Amino acid sequence: MTDVPGTDPLEALVTRTAQAVEALPPEERIPWVFARCWIHACRYESLSRDADIDQALADFQALPFELPGRAKLAAVLAAAMLKSGRLLGSPRLSWAVALADVADTDPAPLQDWPVLSAALHAADLLKAAEESRRGFDSRAAAQKLEEFAGVVGDAQPYADLVRTAQLAVQHLLVQENPTAAEARQVTEHMREFSDQMADRPASVRDRAEIMQLMLTMHAMSVRSDFTGLERRLDELRDSAQRCPPGDPMGGWLEQMADSTAALLALLRHASPGRNQTAGTGGAALTDVQALLHRFRETAAQPGHDDRMRAFHLAQLAMAELLVDTRQSVDDAISHLTEALELSPAHDPRRPFYQISAGTAYLRLVELTGDRQSLKAGTDLLEQARDATASSMHMLWTSVTMPLAHAYRLSGRMELGRSTALRGLRGHAWSVLLESTADEMQAIARHAAGDALFTARWCLEDDAAEDAAVALDAGRGLILYAATETRDLTARLTATGHAELAAEWQRARAAAPAGEVPMDLRRRVMTALSGVPVRDDGAPVADLGEGASRLLDPPDGQETRAALRALGADALVYLMPGDELDGAAVVVPVDAPASWLRLPRLNDSGTAAFDGFLTDAARGTADGNTDRRGSALRDAVVSAPQVLDGICEWAWDAVIGPLFERLLLPAGRPVRLVLIPLRELARVPWHAARTRAPNGTWRYAMERAVFSYAPSARLLCETAGRQPVPLTEGGLVVGDPDTAGAARELPGARLEALAVRDCFYPDARYIGRMPGGEPSPEGAGTAAEVLRWFSGPDGGSMVHLACHGIVEESTAPGESSYLLLHRGEHLAAERVLDALVRGPGRDVALAVLAACSTGRSGRGHDEAFSLSTTLLAGRVRSVVSATWSVEDAATSVLMFLFHHYLRAEGMRPADALHHAQLCMIGRREEPATMPSHLREQLRTHQESDLASWAAFVHIGW
């Protein structure tokens, strides 16, 4: 036949074959039906007419199972459907997979059949992942797809199809046990994949783009980025429009867009835990009801399978819980109950439905006091807890915190406390799994809030020991995750996981940005924690119950042992009260923990001070200070009462009542270690003051030697290290030339040289000389400083007299940094990396005579500052500044500190204590003080708190 344009070359053959089939008796038709099936398959390959493939499938179904050649014919049909490029989203996919199973019974049905079979079964797994098919196991599917990828290799378009299926399964794994890092990694892989598919068939390309969009939105939801979600809604609707007619994916995406839009709108109108009444404005209430109506319409639409109906009912219920009236909570319970009845046991969303339903019942208890609701809610939450299994599941904290509340509502206070404390471990595990600062910070923010909430429960029960453990569980998780994940190859090898160590090393080498697959990261962290796992990778114990207690806070016994080793009398946590009373939790070295209610310890006392610090920090960041700052000086000159006021409030709200409660030792100051939480970390508690009867100021540091600690955990680690003696060597940095990035610090140069010449004559001095020329020993570059930190020699002390910058940021590497030669940034993360990856340098003391080196840019409770990273990196003692400090007065204080340390042999905390007493005239200056510094001290006024109160000591 001749293939003439506009004609069907097989039409006559199809007609004649069909006539033969009809003319023959049934027992003689089989060969002709076989032939017609094959001809229709050929015509489908040429013309892509649905009628041809439908007839071919009907003919195939009529053939006997035992017919010779049937398996090869099945392969022909399946291959024709796959090569059409129209199989994804088509109801014929199940037919194609069934045909592939038949074809697989033939050892070689077609020349390239292994590749075609792998691609078809990958397409089936893609569909199973999209619809969460009953019995579908995402981890088993991921393993199977890895096999298919090996079979297909680079053969196109089949390699794209397998890769699309792999990403879809990874997407489902992220939903089952979500981490922000995993969502981001899969999103990045999908974006790279989509960029490579511009010339691919539309069906495959669109599927990839849809999954990329869904993963991006999932990552945004993990970060609570509602603004980002709203921007993506139009893209979601465009994706729905591009789906082929009859593809259920299109309707599902449209519904997702509608429900997401409605939920975001509802979040703008209704706040959790608050009733929407007429007092909020009639328009707002009307809008909320309209939004609820949209959710109800979506949930009631016909055509949903059970899984999707359950999903929409749960969304409706969440919206109803946001409204928070008795009726809306009742409605939410009803809809969540129905969602649980509809959702299959394998649905990864089922634990979330259980948590939501359990929480809704607890809210009903709070509204009505109904005990039956309490039992129902507790049962549901216990089921969700059993499903999540351990603190290594990403929903662990989400279920344990409301379950703890349920136990407390039923009067089981101790069980409630222990459940909440176990729940806090979930935050620690989540942080370990994340790999960037913003992902860690999103989790750490919730960890600090949950820890404070749990501690308040403990104090309600007069369980101060438990409160101390709870508070420490929410401290410094980003900092500790950075230290726990140091030198993983060596740590894995040392713990008997050499093969895993090699796999980790290969993955790190292959990843340009240091990223590794999340599954590998999860296996590595599980191995380090010493928690045994099942064959499917699920842990069988909690994070804190393994051989290594990763990120677990110390108990009271461990904390007291550390206090004894450090010669301290007590550890004191300071808890802000917000709208409630604040509190101090005191862990004495030789007595049980206790607590003190502090009614004035709330944000009203620190509000003005925060503004003062913000103005000073802004001046530093803008380069408008002369170290340590003219911005601060301007703030103090314009509002001197701000700093004075905070120090007087600090005495009245905390220090005075605390001194009255403590058993103060006779003949010496009490030695206290403070862990102030949240915004309280910025308050100079050692500078708290009150008027004595004779009218003079009495300062807290006259009755106590203060050290500060990021957490009891780091305090215990520091106490367990061997002491390092100070020598005459070290590194001194004096005002490197920042190439205009900040003002010059002539006082810092004189200070640094005086410190070096008087106390550390063998130390290396880098930076600028008094005349402004570079030091012969180095200009003060970041590389020079890092080499000193990572090298094995060079002395045991570092003194940094330069600019320090803190930025409130989640960007990795830029939250806290030193400003060095030519404006280089030396971030806290890089210093920590040099310390922990070096040959084990022992540093006795780091003095950070620079602005804000004691502040964290990642949130108050994260403790990720330049000073704490040094302490975490095995430096024994650190002195740093909490805010921007003035140049000349800082030089005086630093000389005094080193004098008491070296000339009089005091410990760092005592040396700083005596130096600050000297600044307020309670001690005579040493005779060895250089004349220019002596003159500055004598002109200094006691009332100038800003010149010395910013400096604090951490470590021992």
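**Strand pairing and helix packing in a predicted model**

Student: In β13, which residue is the bridge partner of Leu819?

Tutor: This is a predicted model, where local features need pLDDT of at least 70, side-chain atom pairs count only at pLDDT 80 or more, and totals for chains, interfaces and linings use all residues. Residues are numbered from 1 along each chain as its sequence is written, and side-chain values use heavy atoms, without hydrogens and water. Strands (E, at least two residues) and helices (H or I, at least four) are DSSP runs, numbered from the N terminus. In β13, Leu819 has as its bridge partner His825.

Student: Over how many bridges do β12 and β13 pair?

Tutor: Two strands pair if DSSP finds at least two bridges between them. Strand β12 covers residues 816-819, and its pairing with β13 is antiparallel. The number of bridges is three.

Student: What is the order of the strands in the open sheet?

Tutor: The sheet has three strands with antiparallel pairing. Its edge strands, each pairing on one side only, are β11 (803-806) and β13 (825-827). The order is β11-β12-β13.

Student: Are α17 and α19 roughly parallel or roughly antiparallel?

Tutor: Axes are lines fitted to C-alpha atoms, for helices over the stretch in contact, and angles run from 0 to 180 degrees between N-to-C directions. Helix α17 (residues 350-368) packs with helix α19 (residues 396-409) at about 30°, the axes being 10 Å apart. Angles under 35 degrees count as roughly parallel, over 145 as roughly antiparallel, 65 to 115 as roughly perpendicular and the rest as oblique. Therefore α17 and α19 are roughly parallel.
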